[in-house]
Each structure stands twice: as C-alpha cells, then as structure tokens.
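Please look at the two-chain model shown below and keep it in view while you read.

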Amino acid sequence: MSFLRLESLTKQYGATTAAKNITLDIAKGEFVSLLGPSGCGKTTTLQMIAGFVEPTQGRILMDGVNITNQKANQRGIGIVFQSYALFPHMTVAENARFGLEMRRVPVDESHRRVSETLELVGLDHLGDRYPRELSGGQRQRVALARALVIRPPLLLLDEPLSNLDAKLRENMQIELRNIQQQVGTTTLMVTHDQSEALSLSDRVVVMNQGCVVQVDEPFNAYEQPNDTFVSSFVGKTNLLSAQVVNRNGQPCLRLGECIFDFPVTAGLESDDIKLSIRPERLELTDIHHGQLIGRVRTRLFLGNHWLYQIESNAGDLLVTLPNHGFMAIGVGDDVGVRWQPDAVRILKEQAYG
Amino acid sequence: MAELTSTLSETPNPPVSKRLAPWLLSGPGAIFFLTLLGMPLLMTLVLSFNSFDYSEGIISTFTLNNYLEVLTDSYFHEIFLRTYGISVAVVILCILIGVPEAYILSRMRSPWRSLFLVVTLAPLLISVVVRTLGWVLLIGGNGLLGKTLEALGLAEASAGNLMYTHTGVIMALVHVLVPFMVISVWAALQKLDPAVENASLSLGASHSIVFRRIVIPQILPGILSGSLIVFALSASAFATPAIIGGRRLKVAATAAYDEYLNTMNWPLGAAIAFILLVANVALVMTYNRMMERRFRRTLG
C-alpha cells in the first residue's frame with residue numbers, strides 16, 4: 001500500500017522540462033532517495049511534493065488524499081533544507097518550537113516535545129544557543145529536529161549532508177538512518193552522492209535528464225543497473241564495448257581478443273553491445289591466466305584498497321584490490337585480468353531525454 | 001641564501017620608505033578632509049565662543065553665553081523639539097512606506113525588479129531644492145491639491161494649502177528620504193536565505209506570520225540603520241524645511257541660517273549648529289551601540 005504516490009508528475013519551465021512523467025510509489029515508513037546528477041530534476045520533484053513549485057501536470061497523493069493543489073503551509077510536511085534554513089534570530093529551542101506554535105500546541109506539551117526531539121538529535125544541552133554559535137553538524141541536527149518535532153507524515157531531505165565534511169558526513173549518515181528508523185517517518189531524500197543514497201535508503205530512484213531511470217533497492221541498483229547511465233553513476237564501473245559473435249554455432253561475446261560464453265545472449269539485437277564490470281569484480285593474475293592481458297599504467301593507494309588502471313586491448317580498465325599489507329604489482333607490470341562470468345552485465349544504451 | 005637571511009633580518013625593521021607608505025598613501029585624503037571639513041568645523045567652534053553686539057559686531061571673547069542662551073531660552077527649546085519631532089515622524093513614515101516597498105521590490109521578477117529599483121532611487125538624482133519646489137506646486141496656496149479638493153467639492157481650496165505646516169514639511173521630507181530606507185532594507189533583504197521563508201511555510205506559517213516573525217526580525221538591522229540615516233538627514237535637513245516651513249516653522253538648521261544671515265549674530269548661529277551636531281552625533285552613537293549589542297549574537 002503506497003503512502004505517497006506521484007502520478008506522472010511533470011514540470012516545465014518554458015521550453016525546458018525539469019521533470020518528466022515522474023511516477024513513484026512510496027510505502028509508509030520507507031526511506032527513499034532520489035539520486036542523480038545536478039539538473040536531473042530531483043530537486044524540482046522534491047519542491048513539487050513540498051508545495052513550493054506547482055506541477056505542470058500530474059498528481060501527488062499523500063495517504064490517499066490529492067494534495068497537488070494544496071498550499072505548502074497546509075501540507076504539514078517536514079523539510080530539511082540544504083542550507084538548513086534555520087531562523088537565525090531564534091535560539092535552537094525556539095527554532096524547534098516554531099512549528100508547534102503554528103499548530104497551537106499547548107505550552108507544556110510543546111515544551112516536552114521540543115526537549116524530546118532535541119534529545120533525539122543529541123542537542124538537548126544547546127537549546128539556548130543561536131544557530132550562528134553552532135557547528136555545521138549541529139545546525140544540521142537543529143534542522144532535523146525542527147522538521148521532526150511536528151511529527152510530519154512525510155519527511156523531505158534536500159541534500160541534507162552535502163555541506164558537511166567527509167568524516168562528519170559519514171557519522172551523520174549512520175545517525176540519520178538510526179533516527180529515521182526510530183521515528184519511522186516516511187522519508188524522501190534528494191542527493192547527488194551515490195554512496196549516501198546507497199547506504200541510507202530502502203530504495204533508490206535514479207534520475208537523469210528529468211526522467212526516472214531506475215527504481216530499485218540499493219543492492220540491485222548497484223548490481224543490476226538498467227542502463228549505462230545507472231551503471232556509471234551508481235558506483236564506479238568499467239564500460240566496455242563488446243560484439244556478439246558466433247562460435248561453433250553458439251552466440252558468444254567478444255571483448256578485445258577474448259571470446260567467452262555468456263549465459264543470456266538471447267534478445268540481443270545489435271552486434272555491438274555495452275558491458276559493465278565493476279572494478280572490484282576484476283582480478284589481477286599473471287599473464288597466462290588472464291582473459292585479457294594488459295599493463296599497469298597507474299596505481300593509487302586508497303587506504304583500504306588499491307586502485308589500478310590497466311591498459312588492455314579492450315580499453316582501459318579500472319581494478320580495485322583490497323589492501324593486504326604488501327605491494328605485489330607495480331606500475332609497468334604486465335598482468336592478466338580475469339573475472340567470474342556473473343560479474344558481467346549487459347547494458348542498454350540510455351534511451352530517453 | 002645570503003639574500004634570504006638579509007631579508008629575514010630586515011623584517012622587524014623595514015626600510016623607512018616602507019614604514020611611511022601608509023601615511024603617504026592616506027595623506028592626500030586626510031589633508032583634503034582636514035582642510036575642507038575639519039578647519040571650518042574648528043572655526044565654527046571657536047566662533048561659537050565669541051560674543052556679538054549689534055553696534056560692534058563679533059567680539060573675540062571666550063564666553064559660554066551663546067550656549068546658555070540656546071539651552072535656556074524656550075524659543076530655542078521649541079525649535080529643537082520641533083526638529084526632533086519632525087525627524088521622528090519622518091523616520092516612522094519612512095519605515096511604514098520603505099520596508100514594504102523594499103520587500104515587494106525584492107519579490108519582483110527579474111526585469112521588473114531592477115526597473116522599479118531604478119524608479120525608486122531616481123529621485124536621488126534630482127536636486128532636493130527642485131523636488132521641494134515641486135511639492136510647493138502641489139501643496140501651495142494655489143496648488144494642485146487645493147484645486148482638486150475644490151473641484152471634487154470635498155473642501156475649500158485653502159484646505160489643500162499645506163505650506164508652513166508640519167504636515168507639509170514631513171510629507172516633503174519623507175519623499176526626499178524614503179529611498180535611503182529602501183536601499184538599506186534592500187541590502188538586508190539580499191542577505192536573507194530564500195529557503196528560510198520556505199522553511200517557515202513548511203512548518204505551517206501563513207504568509208503574514210512569515211513576514212512578521214521571520215522576515216522582519218532578520219531585516220531589523222537594515223531597518224534600524226535606515227532609520228539612523230533618515231533621522232540624521234532629516235534632523236539636519238535645511239532646504240526642505242526652509243522652503244516649505246519657512247520662517248513660521250523654524251527647525252534647528254534654518255534657525256542657525258537665520259542667525260547667520262538675518263540677525264548677523266554669527267556666534268549664536270554657530271552655537272546652534274554645534275548643539276545640533278553634538279546632539280545628532282550623541283543620538284546616532286547611542287543608537288548604534290544599542291543595535292550592536294542587540295544583534296551581535298543572532299545576526300552578526
């Protein structure tokens with residue numbers, strides 16, 4: 001049963017279409033992310049749900065009620081803005097209390113709810129501070145508390161962590177996920193950071209050029225990308241051109257000088273197809289055991305793993321290997337590259353826009 | 001290497017030319033201001049301690065009599081009270097007109113916004129005297145306002161004559177000074193994060209609550225500094241009160257002018273001018289101090 005339903009939601013600005021036919025169902029309590037590069041229409045979609053942008057076409061249903069034409073201040077949706085948008089002239093507690101005041105919640109109850117919510121985000125000791133006197137991470141929590149205190153049916157997060165530094169962002173990701181599960185509010189987050197979307201969400205909605213490209217659980221979106229865009233936007237990948245060739249009457253794939261069987265070749269119309277192999281699914285071995293042969297061009301040490309760039313007949317390949325504590329392969333070495341058959345994905349070219 | 005050490009050893013004691021550079025650079029400006037502003041001010045201060053006799057003219061003495069006269073005579077009390085009364089009224093009207101004006105301007109769409117901002121500020125390009133004479137045409141004895149009232153049968157033509165009245169002076173001053181309020185509030189509005197208004201809407205606030213509780217408190221420093229400019233300018237305004245208020249409605253600036261040019265009592269005029277200056281500076285500084293204390297924590 002869907003709690004929030006978007007029905008072919010479209011927004012046009014003059015001749016440009018910011019969001020095209022967005023259709024999406026979100027279940028109660030679910031955490032869904034809209035993921036895409038800037039200008040893909042994710043923020044426009046969020047603003048239409050929030051009521052700040054009027055859709056050109058389509059409907060928004062929340063809990064079965066059509067809210068498409070409802071005013072933003074009637075929808076009761078909690079929103080955390082990218083800039084946090086805190087009220088600079090009010091203390092932390094006053095910021096959090098504002099939504100309750102607007103709802104005319106009795107004073108003692110609003111007091112209790114504000115302190116409960118500030119405790120939830122770990123700011124109960126800073127209620128008297130002004131936003132200016134807080135760090136970025138603390139401001140973020142105030143914004144979250146202010147949105148949660150009204151117990152909204154739906155929580156919208158607009159790039160909530162993009163203004164935090166990397167370390168803090170990781171901590172906040174874990175915390176955000178915990179708080180969301182604790183409160184159980186249906187949440188829709190907009191982000192361009194694929195790792196954030198993958199780690200936080202129950203489902204990700206990958207968007208490009210105003211369209212929804214794929215809606216899936218994070219693991220599936222990563223492992224079974226629909227097309228070349230998803231595979232390269234969600235995580236790193238090697239996109240390779242291959243040909244369907246005939247070997248002993250069996251259709252096979254040819255990649256560089258390597259010809260190999262592929263379980264599903266039926267339904268492939270064109271001879272030239274795109275393959276995706278994730279860098280971590282490639283293995284480096286000696287040149288006699290590889291399916292492809294190449295030479296190490298660059299090697300980057302990234303702490304917990306190594307990133308290799310290999311020149312091969314099939315094109316440049318990225319390979320990541322876990323760091324086991326010794327340097328086995330160096331720049332300029334000839335290596336063999338191999339993979340398990342299930343590491344290969346055949347992709348459609350992106351066909352929209 | 002030898003060069004490096006020599007530069008390092010010189011750092012605590014830079015060459016003379018380097019130490020003089022800031023003085024030489026700011027010198028011309030400082031001399032310009034000292035001669036053109038500082039000197040006349042100093043001479044006015046000295047003059048205000050001199051005394052005046054109708055037969056002998058200005059006598060070089062050192063006396064506080066001029067100050068005592070201004071501070072004790074109820075005639076001057078009335079003039080100073082009128083000056084500040086008019087200024088306060090002008091400030092209030094400028095806030096009531098200028099703040100909504102700036103807010104509406106800031107919410108306009110892109111080609112109109114800059115167009116109307118120019119329209120708002122364009123009067124600053126016209127001389128105050130010319131603009132005030134324009135008001136005389138409107139509110140004078142035989143002016144447009146009286147004629148209109150008469151034609152509409154609402155009142156006699158004389159009801160439209162606002163010359164030599166507080167209303168007339170205040171109206172003309174507000175017209176002259178409202179752009180300063182608009183500029184000041186406009187600058188404050190530019191610093192507002194547009195998402196803040198959306199945030200308060202999402203929390204269930206109506207547009208009027210957003211304006212009152214979210215927008216106004218954040219642009220308050222702009223309103224207050226605008227008020228400061230408008231207050232200082234209207235307390236020391238000369239052309240508008242001189243033309244519309246005339247002799248009948250003297251303010252401090254026109255009183256000083258009259259002492260200089262009609263009574264020829266320069267020392268008394270200088271004393272009035274100095275009291276006005278000191279009072280204005282004191283008011284402005286107190287106000288500024290108050291504002292800084294109020295907003296340091298919240299808005300920086």
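Is Tyr130(A) buried or exposed? Tyr130(A) is buried, because 20 other C-beta atoms lie within 10 Å; a residue counts as buried if 20 or more other C-beta atoms, placed from the backbone, lie within 10 Å of its own, as exposed if 12 or fewer do, and as partly exposed in between. Tyr130(A) sits in the loop between helix 4 (107-120) and helix 5 (136-148) of chain A, where helices (H or I, at least four residues) and strands (E, at least two) are DSSP runs numbered from the N terminus. Between the C-alpha atoms of Tyr130(A) and Gly64(A), which are 66 residues apart along the chain, there is a separation of 39 Å.

The model is predicted, and local features need pLDDT of at least 70, side-chain atom pairs count only at pLDDT 80 or more, and totals for chains, interfaces and linings use all residues. Residues are numbered from 1 along each chain as its sequence is written, while chains are lettered from A and ligands numbered from 1 in the order in which they are written.

**Chain A as a whole**

Chain A has 353 residues, of which 40% count as buried, and its secondary structure comes to nine helices and 20 strands. Along its principal axes, the C-alpha trace of chain A spans about 80 × 50 × 35 Å. Two residues are in contact if their C-beta atoms, placed from the backbone, lie within 7 Å. Among contacts in chain A between residues at least 6 apart in sequence, 65% join residues at least 24 apart.

**Where the chains meet**

The contact between the chains draws 20 residues from chain A and 19 residues from chain B. On the side of chain A that touches chain B, helix 2 (72-75) and helix 3 (92-102) of chain A each supply at least two residues, and helix 3 of chain A gives the most, with three residues. By class, this side of chain A has 13 nonpolar, five polar and two charged residues; Ala, Val, Leu, Ile, Met, Phe, Trp, Tyr, Cys and Pro count as nonpolar, Asp, Glu, Lys and Arg as charged, and the others, Gly among them, as polar.

**Helices of chain B**

Two packed helices are described by the angle between their axes and the distance between the axes. Here the axes are lines fitted to C-alpha atoms over the stretch in contact, and angles run from 0 to 180 degrees between N-to-C directions.

| Helix pair in chain B | Angle | Axes |
|---|---|---|
| Helix 8 (residues 166-190) and helix 10 (residues 207-235) | roughly 155 degrees | within 8 Å |
| Helix 9 (residues 194-202) and helix 10 | about 135 degrees | 10 Å apart |

Helix 8 and helix 10 of chain B are therefore roughly antiparallel to each other, whereas helix 9 and helix 10 of chain B are oblique; angles under 35 degrees count as roughly parallel, over 145 as roughly antiparallel, 65 to 115 as roughly perpendicular and the rest as oblique. The contact of helix 9 with helix 10 is made by Val196(B), Glu197(B), Ser200(B) and Leu201(B) of helix 9 and Val210(B), Ile214(B) and Val215(B) of helix 10, and these residues divide into five nonpolar, one polar and one charged.

Helix 13 (residues 266-295) of chain B has 30 residues, which at 1.5 Å a residue should span 44 Å, and its end C-alpha atoms are 43 Å apart, which agrees; the expected span is 1.5 Å times one less than the number of residues. The buried residues of helix 13 of chain B include Trp266(B), Leu268(B) and Phe274(B).
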